[in-house]
Amino acid sequence: MKTQVLICDDSSFARKQMIKALPDGWDIEIHQAGNGMEAIEAIKAGKGDIMFLDLTMPVMDGYEVLETIKKEDLPSMVIVVSGDIQPEAIDRVKKLGALEFIKKPISKEVAQKILSDFGILAG
């Protein structure tokens, strides 16, 4: 069964950049969401085993998404990918359950290392 990967960012350009940064040969199915509300719906539909999440978005921001995942105990491992790298933001998302916080734009090497470090990607 393919791993369901959800990329949530209001910028279609940023979503495309994130897709390009994913490791080659990873057996995944990629889904996209343009805001947090769409992301929550996708997770509930089984499309977000792993989610790369932006923080600043319309409708529902990344913090609200993390709060909802925690509150409703939704099955998604979240890696925050954001340009807002203030220590307070990093601390806040980790307290809300994010695995890691990566600064945009993400490189293929960084994505591979993070996924390997958390045992998500073998090798």
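Biologist: Is Asp54 buried or exposed?
Modeller: Asp54 counts as buried, because its relative accessibility is 5% and the cut-off for buried is under 20%. Please note that this is a predicted model.

Biologist: Where in the fold does Asp54 lie?
Modeller: Asp54 is in the loop between β3 and α3 (62–72).

Biologist: And which residues does Asp54 touch, leaving out those up to four places away in sequence?
Modeller: With those left out, Asp54 touches Cys8, Asp9, Asp10, Gly62, Val81, Ser82 and Lys104.

Biologist: What does UniProt list for Asp54?
Modeller: An unreviewed UniProt entry lists Asp54 under "modified residue: 4-aspartylphosphate". For "domain: Response regulatory", also from an unreviewed entry, UniProt lists residues 4–119. In the model, that span is 42% helix and 22% strand, and its end C-alpha atoms lie 15 Å apart.

Biologist: You mentioned Lys104. What is the peptide bond from Lys104 to Pro105, cis or trans?
Modeller: That bond from Lys104 to Pro105 is cis, with omega near -15°. Pro105 belongs to the loop between β5 and α5. Most peptide bonds are trans.

Biologist: Let us move on to α5. Which of its residues are buried?
Modeller: In α5, which covers residues 108–117, the buried residues are Ala111, Ile114 and Leu115. Viewed down the axis of α5, the buried residues fall within an arc of 95°, so they line one face of the helix.

Biologist: What covers those buried residues of α5?
Modeller: The cover includes α1 (12–21), β3 (50–53), β4 (77–82) and β5 (100–103). On the face of α5 turned away from its buried side are the exposed residues Glu109 and Lys113.

Biologist: How do α3 and α4 pack?
Modeller: α3 and α4 (residues 87–95) pack at an angle of about 20°, with axes 9 Å apart. The two helices are therefore roughly parallel to each other. The contact is made by Tyr63, Leu66, Glu67 and Lys70 of α3 with Ala89, Arg92, Val93 and Lys95 of α4. The crossing of α3 and α4 is left-handed.

Biologist: One last topic, backbone angles. What is the phi of Val59?
Modeller: Val59 has a positive phi, near 70°, although Val59 is not a glycine. Val59 lies in the loop between β3 and α3 and is exposed, with a relative accessible area of 62%.

Biologist: And what about the phi of Asp73?
Modeller: Asp73, also not a glycine, has a positive phi of about 50°. Asp73 sits in the loop between α3 and β4 and counts as exposed at 67% relative accessibility. Most residues other than glycine have a negative phi.

How values were computed. Residues numbered from 1 in each chain as written. Predicted model: local features only at pLDDT ≥ 70, side-chain atom pairs only at ≥ 80, totals over all residues. Heavy atoms only, no water. Buried < 20%, exposed > 50% of the residue type's maximum accessible area, 1.4 Å probe, protein only. Helix = DSSP H or I, 4+ residues; strand = E, 2+ residues; numbered from the N terminus. Arc of directions from axis to C-beta. Contact = heavy atoms within 4.5 Å. UniProt positions renumbered as here; feature names shortened; annotations may be inferred. Axes fitted to C-alpha atoms, helices over the stretch in contact; angles between N-to-C directions. Parallel < 35°, antiparallel > 145°, perpendicular 65-115°, else oblique. Left-handed = near helix turned anticlockwise from the far one by under 90°.
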